[in-house]
Amino acid sequence: HSWQVQAMHAETDVSAISLGFLMKQAILYFITGHVSAMDCSHHPIECRLPHTMVLTLVLVCLGLYVCVIAISVSDKQHHFFGLHLHLSLLLVWCLLHLAEVVVIHV
């Protein structure tokens with residue numbers, strides 16, 4: 001029985017990582033109008049964004065952060081654990097991309 005629980009947790013983790021990345025790519029597509037590079041260090045020119053787009057990504061990160069904190073504070077019974085995990089990983093992917101964009105601009 002414990003291997004089934006472990007498998008369920010592994011599936012949830014993989015789902016959160018994968019969907020978080022895909023959702024981050026979709027968000028960046030809606031902000032920039034093109035698919036972003038997976039790694040800015042190899043193609044830095046593709047990651048250069050105007051300040052308005054960087055600010056939009058910052059606002060998306062802040063919105064995700066507020067959602068993650070709200071779920072953490074209000075969901076004591078862990079009914080929304082999957083949603084919390086998926087939003088957390090989406091936030092991490094967005095913050096990672098934002099950090100790469102900021103480093104490129106410096």
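**Entry 1: overall layout**

I started with what counts as an element here: helices (H or I, at least four residues) and strands (E, at least two) are DSSP runs, numbered from the N terminus. On that basis I found four helices and zero strands in the protein. Reading along the sequence, I noted the pattern α-α-α-α.

Before going on, I wrote down that this is a predicted model, where local features need pLDDT of at least 70, side-chain atom pairs count only at pLDDT 80 or more, and totals for chains, interfaces and linings use all residues. Residues are numbered from 1 along each chain as its sequence is written, and side-chain values use heavy atoms, with hydrogens and water left out.

I looked up the dimensions next: the C-alpha atoms fill a box of roughly 50 × 30 × 20 Å along the principal axes. The accessible surface is about 7,100 Å², worked out with the Shrake-Rupley method and a 1.4 Å probe, where for residues only the protein chains shown count as cover. Carbon and sulfur atoms hold 74% of that surface.

Then I checked burial. Buried means under 20% relative accessible area, exposed over 50%, and partly exposed in between (1.4 Å probe, protein chains only). Of the 106 residues, 29% are buried.

Residues 24 or more positions apart account for 68% of them.

**Entry 2: the core**

Not counting residues up to four places away in sequence, Leu57 touches Leu28, Ile31, Cys94, His97 and Leu98.

Is His97 buried or exposed? It is buried, because its relative accessible area is 3%. Leaving aside neighbours within four places in sequence, I listed its contacts as Lys24, Leu28, Ser36, Ala37, Cys40, Cys47 and Leu57.

**Entry 3: aromatic pairs**

I took the ring rule first: rings of Phe, Tyr and Trp (its six-membered ring) pair if their centres lie within 6.5 Å, and planes under 30 degrees apart count as stacked, over 60 as edge-to-face and the rest as tilted. How many aromatic pairs does this rule give? I got two aromatic pairs.

One is Phe21 with Trp93, edge-to-face at 5.0 Å centre to centre and 70° between the planes. Phe21 is in helix H1 (residues 2–32) and Trp93 in helix H4 (residues 81–105), so this pair ties together parts 72 residues apart in sequence. Phe21 counts as buried because its relative accessibility is 18%, while Trp93, at 24%, is partly exposed.

Tyr29 and Phe30 also pair edge-to-face, with 6.1 Å centre to centre and 65° between the planes. I noted Tyr29 as partly exposed at 42% relative accessibility and Phe30 as exposed at 69%.

**Entry 4: helix H2**

I looked at Glu46, which lies in helix H2 (residues 44–47). Glu46 is partly exposed, with a relative accessible area of 39%. Apart from residues up to four places away in sequence, Glu46 touches His34 and Ala37. I also checked Glu46 against Trp93: they are 47 residues apart in sequence and 17 Å apart in space, C-alpha to C-alpha.

**Entry 5: surface and loop**

Tyr65, Val66, Ile69 and Val73 make a nonpolar surface patch of about 380 Å². Patches are made of residues with over 30% relative accessible area and no salt bridge, with like charges joined within 9 Å and nonpolar side chains (Val, Leu, Ile, Met, Phe, Trp, Tyr) within 5 Å. A salt bridge here is a side-chain nitrogen of Lys or Arg within 4 Å of a carboxyl oxygen of Asp or Glu. I placed Val73 in helix H3, and Val73 counts as exposed at 54% relative accessibility.

Last, I checked His78, in the loop between H3 and H4. Its phi is near 60°, a positive value in a residue other than glycine. His78 is exposed at 58% relative accessibility.

How values were computed:
Contact = heavy atoms within 4.5 Å.
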